[in-house]
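Subject: A structure to look through

Hello,

I am handing over the structure we talked about, and below it you will find my notes on what turned up. Please read them with the model open beside you.

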Amino acid sequence: MNRRWGPIATGVALALTFLILVLLGTAGGSDTPAQTGDEPVAQGKAAPPAWMRRLRDGEKPPQFVLFSFDGAGSHDHWQRVLPLADKVNAHVTGFLSGLYLLPDQLRGTYNGPGHGTGRASISFGGTDADVATRVKDLNAALASGHEIGTHFNGHFCAGNEPSGGVWTGADWTSELDQFFDIVRAASARGLRVPETEIKGGRIPCLEGDPNAFLPVMADRAMTYDTSLTSDGIAWPSRKDGLWEFWVPVVKVPSLGGRKVVMQDYNLWYAMNGAKEEPGRDAELTADTLDTYRAAYQAAYNTNRAPLTIGNHFNDWSGGAFSLATEQFMTEVCVRANTVCATYSEVLRWMKLQDPAVLDTFRDKPRAQIS
Ligand SMILES: [Zn+2]
């Protein structure tokens, strides 16, 4: 099983990623705050959705689609995703990079394992006003029924050593403890994301030893991870005390069926080496959308495994990948027998099921794009 970004091996590509992430970290920070940020939290009072029930004998599960956004710090992107999700009745998950809640002036309080204080591969939170905007976005997301998880802090990938790929359990403990310290401290800035609501995460660049980071997450009473890849679309399974929601590796139709980790950056790299080519933006959107559609059909027609759509809030290739994701959300979440839900919602649904029935789903061959 390939946990890595596959073809993303060159320093150039990684440097580009870092640059983009740095840019993203400050994007939109000076914009006006989200207007919905101060509305009361309505979640929990609403009646459970009709699909949140035990399946009848022989009934097929709904097709779950899990939209997830790593970093979760871009005001512009939250402003796009929140109304769209609302319109199509989708719940999404934002995996927050903790540093986006730490203003630049406090950067010295972060100590990335092996890197010393004040250093990171992504930007810190900017000004107090930038952080305030993000706090409102995250509050608004949670109040609308979306979920916040962790994308950890420093985003140290291969090439910026010691990267997450070589971190020990103690390193991951330090990184995750600091994430929660930052979230806790942000409550003084009005953040209403309780620590206990942060139940899972995705590691940066999908780089890390699961034997090192999964037990650390389980020790914090987290319930799921979504960092490991599977060949095809698979049902979540138990791993080191957590539920693993696999990031699928799928055949990309426009690449003649070449298998790629189905995440935005990996698709970009596979399609054109992660280069900005404005003349091809629309083509990349269409090819990515085709991949998502084919993955959905594969799962829907066979094992009905929850489909993880992993993204960053990014503007790569003219926003080609964000557009594809938003278009896919628009068309798929309103389909019959389809539910766009958060990770914790799917886990809640799984708990309602007969474990033996879930095992029969898990025993089916993983869904593949043919
Ligand atoms: Zn990332």
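Where is the place of D240? D240 is found in the loop between strand 9 (237–239) and strand 10 (242–244). Before going further, please keep in mind that this is a predicted model.

**Backbone angles**

Most residues other than glycine have a negative phi, and most peptide bonds are trans. With a relative accessible area of 36%, D240 is partly exposed. A221 is another such case, having a positive phi of about 65° although it is not a glycine, and this residue lies in the loop between helix 5 (210–219) and strand 7 (224–225). A221 also counts as partly exposed, at 47% relative accessibility. As for the peptide bonds, the one from E161 to P162 is cis, with omega near -5°, and P162 belongs to the loop between strand 5 (147–150) and helix 4 (169–186).

Strands of a sheet pair through backbone hydrogen bonds, either parallel or antiparallel. Here, 3 strands form an open sheet in the order 8-11-12, and the pairing is mixed. Strand 8 (229–231) and strand 12 (258–261) are the edge strands, each of which pairs on one side only, and the twist from one strand to the next averages 35°. Strand 8 pairs with strand 11 (residues 247–252) in the parallel sense over 3 bridges, and there T229 has V247 in strand 11 as its bridge partner. Strand 11 and strand 12, by contrast, run antiparallel and are joined by 4 bridges, with V250 standing opposite V260 in strand 12. These two strands form a hairpin with 5 residues between them, and G256 in the turn has a positive phi of about 70°.

**Aromatic rings**

A pair of aromatic rings is described by the distance of the centres and the angle of the planes. Searching the whole structure gives 24 aromatic pairs. One of them is formed by F69 and F313, which are stacked at 4.8 Å centre to centre, with 25° between the planes. Because F69 lies in strand 1 (residues 63–71) and F313 in the loop between strand 13 (307–312) and helix 8, this pair ties together parts that are 244 residues apart in sequence. F69 counts as buried at 4% relative accessibility, and F313 counts as buried at 3%.

The rings of F95 and Y343 have centres 5.6 Å apart and planes at 50°, so this pair is tilted. It links distant parts of the chain, as F95 is in strand 2 (residues 93–96) and Y343 in helix 9 (residues 343–352), 248 residues apart. Both F95 and Y343 are buried. You will also find one aromatic cluster, formed by W51, F64, W235, W349 and F361. A charge meets a ring where the charged end of R304 sits over the ring of Y300, 3.8 Å from its centre.

**Helix 8**

Helix 8 (residues 316–332) has 17 residues and reaches 23 Å from its first C-alpha to its last, close to the 24 Å expected at 1.5 Å a residue. The helix bends by about 30° at L323.

Best wishes

Definitions and conventions: Residues numbered from 1 in each chain as written. Predicted model: local features only at pLDDT ≥ 70, side-chain atom pairs only at ≥ 80, totals over all residues. Heavy atoms only, no water. Expected span 1.5 Å × (residues − 1). Bend = angle between axes of the 7 residues up to and from the residue. Phe/Tyr/Trp six-rings, centres within 6.5 Å; stacked < 30°, edge-to-face > 60°. Buried < 20%, exposed > 50% of the residue type's maximum accessible area, 1.4 Å probe, protein only. Lys NZ or Arg CZ within 6 Å of the ring centre and 35° of its normal. Pairing = 2+ DSSP bridges. Axes fitted to C-alpha atoms, helices over the stretch in contact; angles between N-to-C directions.
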